[in-house]
Amino acid sequence: MSDLDGGGLDTVTLTIDGVEVTVPKGTRVIEAAERTGVVVPRYCYHPGIPTRPAQCRMCLVEIEGQPKLQPSCVLEAQDGMSILTASETAEKARQSVIEFLLVNHPLDCPICDAAGQCMLQDYAYVTTQLKSRVDEPKTVMGRDRIADDILYFADRCIICTRCVRFMRDVAEDDSLVVAQRGHKAYIDTFPGRDLDNPFQGNIVDVCPVGALVHEDFVFKARAWDMDATAGICPGCSTGCNVTIDTKENQIVRLKPRHNAEVNSYWMCDHGRKHLVMSNRGIRAEVPMIRDGDSLRATDWPTAIAWIAARIRQAGSNGGLGIASPNSSNENLFYFSRLLSRLGIDRWEYSVPQGSTASLPTVPRLELRADRAANGKGGELFGGTRVDAEAVPSPARAGETIVVLEDGLAEAPDGFGSEAGFFLYVGSRLPDAAREADAVLPIATFAEMDGTFTNFEGRVQRFHRALQAPGIARPAWMVLARVLAALDDLEPVSDVGAALDAMASATAAFAGMSWQGLGLKGALVGGDAAAVGAAPAEIDG
Ligand code: SF4
Ligand code: SF4
Ligand code: FES
């Protein structure tokens with residue numbers, strides 16, 4: 001008798017490998033097993049794809065007292081069930097599945113981009129299915145370009161149909177199909193259709209083997225050569241959770257990271273390309289201070305002392321602040337604090353615009369028109385949003401200009417030449433910053449820890465994935481040192497302390513801490529009710 005029948009509770013209790021577990025009614029056995037720490041091998045099941053065709057038969061489990069094995073990805077957990085995921089019969093069935101899949105699978109592991117992260121490779125080892133009994137030559141199917149930037153290696157495909165079902169059931173785009181049947185089956189676009197969807201890159205992520213590969217990743221890095229870091233995509237204001245894969249201090253790949261409140265298991269293609277492009281460009285690497293007509297490289301203590309002296313000399317006579325909407329919350333906090341110290345009561349930020357695209361079944365995940373990660377932060381720290389093509393307001397002669405990370409693309413010739421003091425804090429040195437009195441080199445978001453606030457006010461952590469060049473440092477650290485030299489605020493050396501200072505001085509962030517945010521983030525204003533009110537989405 002179930003709890004629902006007996007006690008009105010909407011849960012069922014079952015035993016998995018001898019461990020009792022209680023789960024909501026309707027939970028599949030494969031998911032119930034995860035709650036006990038058991039990961040049942042799977043290929044066609046993916047928690048973010050709603051359809052479960054029981055295609056691969058890899059997740060077969062034994063139900064005590066029943067003669068036949070059942071696929072745990074479709075089997076609903078029932079009260080009193082006793083499941084054995086690793087019984088001799090279940091293991092033997094799994095071994096047969098692997099042997100069958102390997103009949104035509106090429107020995108590509110040494111050159112396959114998925115090697116080291118391939119579920120076929122892993123399970124072949126786990127089931128000790130390492131020797132083939134097949135003497136016949138393998139079927140050769142070749143390689144195809146299935147989309148502009150995605151290659152399909154048909155020989156490696158195990159026809160799990162995850163890619164087809166992602167496109168059809170999550171993206172609601174039926175341009176991908178399984179062509180042919182049986183051992184001749186392969187994945188292709190529907191005749192006369194192209195795969196051209198702004199979210200199609202997710203098919204590469206869901207592929208459990210190396211059959212689908214982004215062209216710009218082919219032969220670029222082996223799994224064991226890469227480091228993975230939890231980050232936030234800065235491509236638009238949605239703030240998708242991502243994993244940044246790096247090799248030799250370069251970003252080589254981006255993958256979505258699950259966050260049910262933001263992007264579920266997915267991300268858009270604009271975001272993937274945008275971040276990989278951030279490897280490019282010449283960087284500012286050392287502090288520079290004005291020496292006559294030129295800028296002279298110096299060390300941090302000299303630069304900070306020199307800037308503090310110039311600021312004291314300039315006094316609090318107002319001026320202009322410009323910041324990038326891709327600056328972190330901590331950077332913006334110290335920036336706005338420095339502006340207050342300088343008597344500057346207006347600062348501007350402009351957010352580049354682009355077209356929008358949405359993923360129909362995940363309402364919160366949208367490529368948003370605001371192509372920056374922290375426009376919301378700009379708003380919360382009192383910035384004035386100006387048009388993306390707006391020419392920066394000129395400072396009056398003798399006033400101070402402070403620019404944080406903005407590329408000054410629209411700045412007119414001679415920008416800043418009349419200023420009493422012009423401080424440029426950035427990771428690159430645009431032409432318009434050459435009139436600056438001091439240039440402080442800072443880390444990009446990929447080179448530091450910090451937080452962004454997304455379109456709906458969710459504050460999310462990102463972590464350092466790369467080493468900053470030269471002696472560049474995070475802007476929050478640099479600006480805190482300048483403020484400390486002016487006897488305002490304490491210097492900070494770790495992001496937790498920077499966030500604490502921000503949270504205690506800014507009402508919207510009150511009560512937040514680095515540890516407390518965790519990897520899922522929290523809404524500004526502590527609106528826990530709004531967190532729980534996220535729209536329903538496909539999540540298991
Ligand atoms: S290409 Fe990958 S995801 Fe698609 S069916 Fe083949 S193995 Fe599965
Ligand atoms: S929707 Fe926005 S934040 Fe998400 S991956 Fe795309 S560009 Fe990045
Ligand atoms: S994962 Fe269950 S049948 Fe494929």
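Across which strands does helix α3 lie, and at about what angle to β3 does it run? I opened with this helix and found that α3 (residues 88-101) lies across β3 and β5, running at about 160 degrees to β3. For such angles I used axes that are lines fitted to C-alpha atoms, for helices over the stretch in contact, with values from 0 to 180 degrees between N-to-C directions. Contact here requires that the C-beta atoms of two residues, placed from the backbone, lie within 7 Å. Helices (H or I, at least four residues) and strands (E, at least two) are DSSP runs numbered from the N terminus.

**Basis of the entries**

I note that the model is predicted: local features need pLDDT of at least 70, side-chain atom pairs count only at pLDDT 80 or more, and totals for chains, interfaces and linings use all residues. Residues are numbered from 1 along each chain as its sequence is written, while chains are lettered from A and ligands numbered from 1 in the order in which they are written.

**Whole chain**

I looked up the overall dimensions and found that the C-alpha trace of the protein chain spans about 85 × 60 × 40 Å along its principal axes. The protein chain holds 14 helices and 26 strands. Of its 540 residues, 45% count as buried; the term requires 20 or more other C-beta atoms within 10 Å of a residue's own, whereas 12 or fewer make it exposed and counts in between partly exposed, with C-beta atoms placed from the backbone. Among contacts with a separation of 6 or more, 62% come from residues 24 or more positions apart.

I then traced the open sheet of 5 strands, whose order is β2-β1-β5-β3-β4 and whose pairing is mixed. Strands β2 (19-24) and β4 (70-71) stand at the edges with a single partner strand each, so one side of each has no neighbour in the sheet. Pairing means that DSSP finds at least two bridges between two strands. Strand β3 (residues 60-63) pairs with β5 (residues 82-84) in the antiparallel sense over 2 bridges, and Ile63 has Ile83 in β5 as its bridge partner. Strand β1 (residues 11-16) and β2 are antiparallel over 6 bridges, with Val12 partnered by Val23. In the hairpin of β1 and β2, 2 residues lie between the strands, and Asp17 takes a positive phi near 50 degrees.

**Two further strand groups**

I next examined the open sheet of 3 strands, ordered β6-β7-β10 with antiparallel pairing. Its edge strands are β6 (143-147) and β10 (212-214); each has a single partner strand, so one side of each is left without a neighbour in the sheet. The twist averages 30 degrees from one strand to the next. Strand β7 (residues 150-153) is joined to β10 by 3 bridges, and Ile150 stands opposite His214.

Strands β14 (residues 288-291) and β15 (residues 294-297) run antiparallel, joined by 4 bridges. Arg290 has Leu295 as its bridge partner in β15. Their hairpin has 2 residues between the strands, and Gly292 takes a positive phi near 70 degrees.

**Core and helices**

Which residues touch the most other members of the largest nonpolar core? I found Val425 and Leu479, in a core of 153 residues. Such a core is a set of buried Ala, Val, Leu, Ile, Met, Phe, Trp, Tyr and Cys residues joined through C-beta atoms within 7 Å. Helix α11 (residues 475-485) gives the most to this core, with 8 residues. Leaving aside neighbours within four places in sequence, Leu479 is in contact with Tyr334, Phe335, Leu338 and Val425. In helix α12 (residues 495-505), the buried residues include Val495, Leu499 and Met502. The buried residues of α12 pack against α9 (329-341), β24 (450-453), α11 and α13 (514-517).

**Ligand surroundings**

Around ligand 2 I found residues including Cys233, Cys236, Cys240 and Cys268. That shell has 6 nonpolar, 6 polar and no charged residues.

Notes. A residue is near a molecule or strand if its C-beta atom, placed from the backbone, lies within 6 Å of it. Ala, Val, Leu, Ile, Met, Phe, Trp, Tyr, Cys and Pro count as nonpolar, Asp, Glu, Lys and Arg as charged, and the others, Gly among them, as polar.
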